[in-house]
Every structure is written in structure tokens, then in C-alpha cells.
Amino acid sequence: MEEYRKRYADDILQDKLAAKGAVLIEGPKWCGKTTTAEQAAKSILHMDNPTIKEQNLSLAKLNPLRLLKGDTPRLIDEWQIAPTLWDTIRYEVDQRGKMGQFILTGSAVPPETKEITHSGTGRFSWLMMRPMSLFESGESSGEVSLRELFEGSKNIDGENPNDIEKLAFLVCRGGWPGAIDLAEKPALAQAFDYYDGVVKSDINRADGVTKNEERVRRIMRSFARNQGSQVATTVIANDIMANEASSVNEDTVHSYITALKKIFVVEDMAAWNPNLRSKSAIRTSDTRYYVDPSIAAASLGLGPDDLINDLHTFGLLFETLCVRDLRVFAESLGGSVYHYRDNTGLECDAVVHLRNGKYGLVEIKLGSEDMIAASAKNLTKLSSIIDTPKMKEPSFMMVLTGVGQYAYQREDGVLVVPIGCLRG
């Protein structure tokens, strides 16, 4: 049996079990939800076990409490197969009056929620899991801690273990736990297999509607080309028609992207709304991202060599990798990741904002001194227009890079940190 790699979600799960009767772990298929839940569970029910699936579904309708018997925390894996379990678990949590009774895992939002009558507020806590960060997979030295930066540390130091060839591989392989310890060729094949699974079947589970495979491929390819932007569904529809000579309307694109969100393949980023001294109008559109860069690479049919020969696309997919890792780290700190853009064109790729009001400004660049200098100037400009009497100054300003050997602090105070040095 392979040794379990510790995840940031482990500690988050324990905290949530101590505070609520049930915890729902959501996230894309194959990101490690069940394995992580099994580390904390004392008994397990796999709802999708093919040998007893029909029996489980029957019991969920006729005697659902039978399925909940077992040592606690009891794991109900792929609970969304029987949505009626939600209300039963909520009821049982109330009856028992204890914390940490159930862990639910799900790789899709239930297509039918009409049988669910209660939101779960007060009984459930939610935990979003994503593919592994580079630190969790052992491919970041972790010498620069995001937590320590928020606590006031500025004396950073670290050496990047990844060159551009390794970074291209990591983007294409992704953070899928099952791919981490494989040799290069089978490791890279995992993302393509995952992509094929989404196209052929998983996307249909989102709403129970069978979709055209080729149309799914075209939409996912266009979405990949628009990573890190705030494009509307009309733009994606036009992109498909321009590049594929195929007709598709905005409503269809919207329904397909919504389905991808429901199976946690797509995770867009909301806009950050700080208090400003200027009168700049903040753009509020979400930024488009896949939950893992390997899905974008597979959608475009690209491998590591292709990325090295196309640095523009490499940069877009590298940004998706960094956003994935920042989200994993931010979640462990009780925070979220946003983007900033205003009507003057001033942008910030990622703002890590904690619940206590602390925040850090992050620009993401593949590398080069010119890019770093321009990004540092951009961060300083954004910092200068934030109304600090109404909100705190940024805890840090960082240029998060792909290449570059060391982490260091510039004379202007901006931190330059390779993603291969960062941890939560």
C-alpha cells in the first residue's frame, strides 16, 4: 500500500469535524477526497460500490438510518448518488447532538436537489479539495511560508528545485495524487485520461443530460485558450465558431460550462473589491480557470515540449497552476483568492485575502527580469491607491515566478518567490 501524502485538507477536516456534526468534502474526481476522508473516518460506506450499489440505493429510500450506523466519524463516499441521505444525516446530527459524526464526499453536485428540503446550515461544514499543490506533492522546497508572511516575516530565502523543463512537466501532469509517483510517460497520460472521462461521461452526470462529445471538446479547448481572462460566454461561442467552423450559441456554452462547474472541473475566480482612494471602477467579472492546469493542457492536446516552444500558452497554464496552489494554501489559512482589475487597466492576478482582513497582492509571471520589474511596479501602484485608513496595508506584495533560482526581496519591498519555494 502506498504511503499517504499529507494534505493541507487533513488539518482543515479535523477542525471542521470538531465544530460541526457533518462535513461535506467536495472537489473534482480523483483529487484525493476519499483517501483524505479515510484518514479521519472510523467506518466507511462506499455508495458507488458496484456490488452493493442497488442495495444501498434501496436502503436510502426505505431505511436510510441503517446506512448511517457505524463508528464515527462515518464516511459516506459519493453521497450524491442518493440525495435523500442529506436530510437523513441532518436529522441524525440533530438527534445525536454531537460533533464529528459524518464525513460526506462528492465529486459532483447532485443533479436532482428537489428531494433535499434543508440547506444543512448549522449542521454541515463544507470543505473544497483540489488536486495537490507542489508542496504537497513534494515538488516545492516550502522554504517560503505564506502563513509566516501574513504574520509579518519579510526575511525570505529559498532555492527553486524546478527548471523550466521540470515546470512544463508539472503543468501537464497536474496535481493528481495517482500520477505523482509514476514515470513520466504514464504520469502525463493521466490528465488525458481524466479529460476523456469528463468528455465522454462525467459532464453528463452534472445534470443528467447527454451532451455532444465533440461540442464538449470544442468548449473545453476554447476555455483552455481563455485561461486567466474575464471572457464572457459569447466570446467563447465566437471563438469556437472562428476556430472550428461550427455553430454554437451562448446558452449552449453557458449550460456546458455550468455542468463543468458542477463536477468541479472549472473553478472561476471572483473579483476583489477593496476600498480605494481613487475613483476607479472595479471590474466584477469572474476570471476563468480550470481547477488544475493539466486539464487545460489535455484540452489543447499539449505536452511539456509544446509548452516550452509556446511560452505564451505556457504562461497562461502556469498561472492556473499557481492559482491552484494559492487556493490550497489560502484555504488552510481560512482565506480565499480573488483577482483585481479596474477600468484604468490596472490588474492583479491574485489577492490572497484572509477572514481577519489581512491580504497579500500577487502577480504571476513565468519569469524574466523585465516581467518581474513590470509586475513589481504594478503591485506598488495598486498598493498606493488602496485606502489604508479604511482597510489594512497589504501584508506583502509578491511576484510569483516559475523560473529563477532563488527567492528574495527587492529593494522596493516586493518579494520574488518561485512557486517551487512556496508553501501555506
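Biologist: Let's start with a cysteine. Is C172 buried or exposed?
Modeller: C172 counts as buried, because its relative accessibility is 3%. Keep in mind that this is a predicted model.

Biologist: How many disulfides are there?
Modeller: The count comes to zero disulfides. C172 is in none, and the nearest cysteine sulfur, that of C322, is 14 Å away.

Biologist: Is C322 buried or exposed?
Modeller: Buried. Its relative accessibility is 0%.

Biologist: New topic, sheets. What is the strand order in the open sheet of seven strands?
Modeller: The order is β7-β12-β13-β11-β10-β9-β8, and the pairing is mixed. The edge strands are β7, at 158-159, and β8, and each of them pairs on one side only.

Biologist: What holds strands together in general?
Modeller: Strands of a sheet pair through backbone hydrogen bonds, either parallel or antiparallel.

Biologist: Parallel or antiparallel for β12 and β13?
Modeller: Antiparallel. β12 covers residues 406-409, β13 covers residues 415-418, and they pair over two bridges. Q409 has L415 in β13 as its bridge partner.

Biologist: How many bridges join β9 to β10?
Modeller: Four. β9 spans residues 347-354, and the two strands run antiparallel. V351 stands opposite L361 in β10.

Biologist: What do β9 and β10 form?
Modeller: A hairpin, with four residues between the strands. In the turn, G357 has a positive phi of about 95 degrees.

Biologist: How many residues of β10 are buried?
Modeller: Six of its seven. β10 runs over residues 359-365 and is mostly covered.

Biologist: What about β10 and β11, parallel or antiparallel?
Modeller: Parallel. Six bridges join β10 to β11, which spans residues 396-401.

Biologist: Buried or exposed?
Modeller: H339 is buried, because its relative accessible area is 3%, and the cut-off for buried is under 20%.

Biologist: What polar contact does its side chain make with T287?
Modeller: The side chains of H339 and T287 make a polar contact at 2.8 Å. The H339 side chain also reaches the backbone oxygen of S285 at 3.2 Å.

Biologist: Which residues does H339 touch?
Modeller: Leaving out residues up to four places away in sequence, H339 touches a set that includes Q230, M269, W272, D286, C348 and D349. S285 and T287 are also among them.

Biologist: Let's move to a helix. Where is F192?
Modeller: F192 lies in helix α8, residues 184-205. F192 is partly exposed, with a relative accessible area of 32%.

Biologist: Which residues is F192 in contact with?
Modeller: Setting aside neighbours within four places in sequence, F192 is in contact with A298, G301 and L302.

Biologist: Which helices hold Y8 and F329?
Modeller: Y8 lies in helix α1, residues 8-19, and F329 in helix α14, residues 311-332, so the pair ties together parts that are 321 residues apart in sequence. Both Y8 and F329 are buried.

Biologist: How are the rings of W79 and W86 placed?
Modeller: Their centres are 5.3 Å apart and their planes are at 40 degrees, so the pair is tilted. Both W79 and W86 are buried.

Biologist: Which residues form one aromatic cluster with W79 and W86?
Modeller: F124 and W126 form one aromatic cluster with W79 and W86.

Key:
Residues are numbered from 1 along each chain as its sequence is written. This is a predicted model: local features need pLDDT of at least 70, side-chain atom pairs count only at pLDDT 80 or more; totals for chains, interfaces and linings use all residues. Side-chain values use heavy atoms; hydrogens and water are left out. Buried means under 20% relative accessible area, exposed over 50%, partly exposed in between (1.4 Å probe, protein chains only). A polar contact is a pair of N or O atoms within 3.5 Å; within protein, one must be able to donate a hydrogen and the other to accept it, and residues adjacent in sequence count only if both atoms are side-chain atoms. Contact means heavy atoms within 4.5 Å. Two strands pair if DSSP finds at least two bridges between them. A disulfide is a pair of cysteine sulfur atoms within 2.5 Å. Rings of Phe, Tyr and Trp (its six-membered ring) pair if their centres lie within 6.5 Å; planes under 30 degrees apart count as stacked, over 60 as edge-to-face and the rest as tilted.
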